[in-house]
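Q: Please take a close look at the aromatic residues in this model. How are they paired, and where do they sit?

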Amino acid sequence: MLLPFLLRGCTAKHYVQQALSRTRLCINCCNIRGLATSSGQLFLRRTPQRFLNQSRGTKTHKRKHQNQEDDWKKRNKTVLTYIAAAGVGMIGLSYAAVPLYRLYCQASGLGGTAVAGHNTDQVETMKPVRDRIIKVTFNADTHASMQWNFRPQQSEIYLVPGETALAFYKARNPTDKPVIGISTYNVVPFEAGQYFNKIQCFCFEEQRLNPHEEVDMPVFFYIDPEFDDDPRMARVDTIILSYTFFEAKEGQQLPIPGYS
């Protein structure tokens, strides 16, 4: 009877000891976890706020830097587009500069270029300035590659402002082949060009001469009466009208009138 009772007591004691051991193990685990949590919270509390802000600021700075780079790339593309467009425009203007300048010179008389065209009403109604006599002399030249014989038929003409005059040049092709020529002109002194008006002229028009052909080329012109009112023309009593013939070739660039 006593033996079974003792065995039961030992077994119960063993179970109690195991339960106590497990209880201690759970308590230790909880303490370790609590310690870790407390340590993490303590670390966050003791870590300076500026370090945390620096890490956040670094990410923000990288984002801003990337945005700036993208913006610079877009701006550079825009600037390059404008530069390319300006370059193309300048190339186009360089090709058009000479003919546009010639038209401007013909309209304004700049650079000693006689004014092209005329006002019919002005020609009919203008009054000659009889007390102002001007001598107009004529000159003819040919380019080195031009084989024509070219000369004025008169050396000089006397007229007054507001009076029309007619002069002739003569051109001859002494070669055995057809030659096409084109001429430029200017007036000296240059300031008088704005008052020298051509009614009819052979300048800037292609002239074809067959072998040994000879032609007369007329120049019908007048000097504007306002010539007499310009103080710069007060001492000008001689004007030189000069023509230069070039052989017309494909791609030939004629010199600018007045600066050839």
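A: What follows goes from the whole chain to the aromatic pairs, then to the core and the cysteines.

This is a predicted model, where local features need pLDDT of at least 70, side-chain atom pairs count only at pLDDT 80 or more, and totals for chains, interfaces and linings use all residues. Residues are numbered from 1 along each chain as its sequence is written, and side-chain values use heavy atoms, with hydrogens and water left out.

The chain has three helices and nine strands (DSSP runs: H or I of at least four residues for helices, E of at least two for strands, numbered from the N terminus). The order along the sequence is α-α-α-β-β-β-β-β-β-β-β-β. Of the 260 residues, 29% count as buried (under 20% relative accessible area; exposed is over 50%, partly exposed in between; 1.4 Å probe, protein chains only).

Now the rings. The whole structure holds 14 aromatic pairs (Phe, Tyr or Trp ring centres within 6.5 Å, with the six-membered ring used for Trp; planes under 30 degrees apart are stacked, over 60 edge-to-face, the rest tilted). One of them is F196 with F221, which is stacked, at 4.8 Å centre to centre and 15 degrees between the planes. F196 belongs to strand β6 (residues 196–200) and F221 to strand β8 (residues 214–223), so this pair ties together parts 25 residues apart in sequence. F196 is buried, at 0% relative accessible area. F221 is buried too, at 0%.

F202 and F245 also stack, at 6.0 Å centre to centre and 0 degrees between the planes. F202 lies in the loop between β6 and β7 (207–209) and F245 in strand β9 (residues 238–247), so the pair ties together parts 43 residues apart in sequence. Both F202 and F245 are buried.

Next, the core. The largest nonpolar core has 34 residues, and Y169, F221, I223, F227, I239 and Y243 touch the most other members (buried Ala, Val, Leu, Ile, Met, Phe, Trp, Tyr and Cys joined through side-chain atoms within 4.5 Å). Strands β1 (134–142), β3 (156–159), β4 (164–172), β5 (179–188), β8 and β9 each supply at least two residues of this core. Leaving out residues up to four places away in sequence, F227 touches R132, I134, P161, A192, Y195, M233, V236 and I239 (heavy atoms within 4.5 Å).

Last, the cysteines. C201 is buried at 17% relative accessibility, and C203 is buried at 9%. The disulfide count is zero (cysteine sulfur atoms within 2.5 Å).
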